Amino acid sequence: MEEGEAIHELAHVLERELNIYTRKSFVDVLRDGLGKFDFSNIDYVPDEYEKTIFVLKNSKFVSKYQGRLYEEVGFQNEDGEWNQYSLAEYFAEGYKEYILNPNRLKRKDKKLYDFIEGLT
C-alpha cells in the first residue's frame, strides 16, 4: 500500500455513508473554481495508472488523481456544470490530504478543508 491509501479508501466509505456527493454544500465546494465545463482542461493519461484515465487540471487539487474524471457517468450535467459524480476522487484525495498534510489542503482548497472540518 502507498502512504495514505487506507485513508483514501476510508474516505470513500465516509462519502457513501454520509451521502457527500448529494449534498449541495459539498457540490458547491467541489465546483468552486472549476468554471463551466470545458474540454481544454482535461488531460488524457494513457500510462501513468493501471488503466488510461482522464484528469481535470485545476490548481486547487492536491494531487493529479484528485482530478480524475470517470467517463462512464459523464463529465457534464445538463446544466453545463461539471458532474460531481465524475469527480469521484475529489473528496477521498482531499480527505487524505486533510489527515496527512492539513496545512497544504487549507492553502490549496480552503473550502474543502472547511467542509471536512465541519464533518468532525
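1. A salt bridge is counted here wherever a side-chain nitrogen of Lys or Arg lies within 4 Å of a carboxyl oxygen of Asp or Glu, and by this rule the count comes to seven salt bridges. The model is a predicted one, in which local features need pLDDT of at least 70 and side-chain atom pairs count only at pLDDT 80 or more, whereas totals for chains, interfaces and linings use all residues. Residues are numbered from 1 along each chain as its sequence is written, and side-chain values use heavy atoms, with hydrogens and water left out.

2. One of the salt bridges joins aspartate 28 to lysine 24, with 2.8 Å between the closest N and O atoms. Both residues belong to helix α2 (residues 24–31), where they are four residues apart, about one turn of the helix; helices here are DSSP runs of H or I with at least four residues, strands are runs of E with at least two, and both are numbered from the N terminus. On the scale used for accessibility, buried means under 20% relative accessible area, exposed over 50%, and partly exposed in between, with a 1.4 Å probe and protein chains only. Lysine 24 is exposed at 62%, and aspartate 28 is partly exposed at 39%.

3. A second pair to inspect is aspartate 32 with lysine 111, whose side chains form a salt bridge at 3.3 Å, N to O. Aspartate 32 sits in the loop between α2 and β1 and lysine 111 in helix α5 (residues 110–119), so this pair ties together parts that are 79 residues apart in sequence. Both ends are partly exposed, aspartate 32 with a relative accessible area of 33% and lysine 111 with one of 44%.

4. The salt bridge between the side chains of glutamate 93 and lysine 96 has an N to O distance of 3.4 Å. These two residues are three apart in helix α3 (residues 90–100), a separation of about one helical turn. Glutamate 93 counts as buried at 6% relative accessibility, and lysine 96 likewise counts as buried at 17%. In general, side chains of opposite charge can pair when their charged atoms come close.

5. Three strands make up an open antiparallel sheet in the order β1-β2-β3, with β1 and β3 as the edge strands, each pairing on one side only; two strands are taken to pair if DSSP finds at least two bridges between them. Strand β1 (residues 42–45) and strand β2 (residues 53–56) are joined antiparallel over four bridges, and isoleucine 42 stands opposite leucine 56 in β2. Between β2 and strand β3 (residues 68–69), which also run antiparallel, there are two bridges, and valine 55 has arginine 68 in β3 as its bridge partner.

6. The largest pocket holds about 450 Å³ of space. A pocket is an open set of points on a 1 Å grid over the protein atoms alone, with protein on both sides within 12 Å along at least five of seven lines, and its lining residues have an atom within 4 Å of a point; the volume is the space filled by probe spheres set on the points. Sixteen residues line this pocket, and Glu2, Glu5, Glu9, Tyr49 and Tyr65 lie nearest its centre. Helices α1 (5–17) and α3 each supply at least two lining residues, with α1 giving the most, four. The lining divides into three nonpolar, three polar and ten charged residues, where Ala, Val, Leu, Ile, Met, Phe, Trp, Tyr, Cys and Pro count as nonpolar, Asp, Glu, Lys and Arg as charged, and the others, Gly among them, as polar.

7. A backbone detail to check is asparagine 19, which has a positive phi of about 50° although it is not a glycine. Asparagine 19 is placed in the loop between α1 and α2 and is partly exposed, at 45% relative accessibility. Most residues other than glycine have a negative phi.

Terms used
On a 1 Å grid over the protein atoms alone, a cavity is a set of points where a 1.4 Å probe fits but cannot get out, and a pocket is an open set with protein on both sides within 12 Å along at least five of seven lines; lining residues have an atom within 4 Å of a point.
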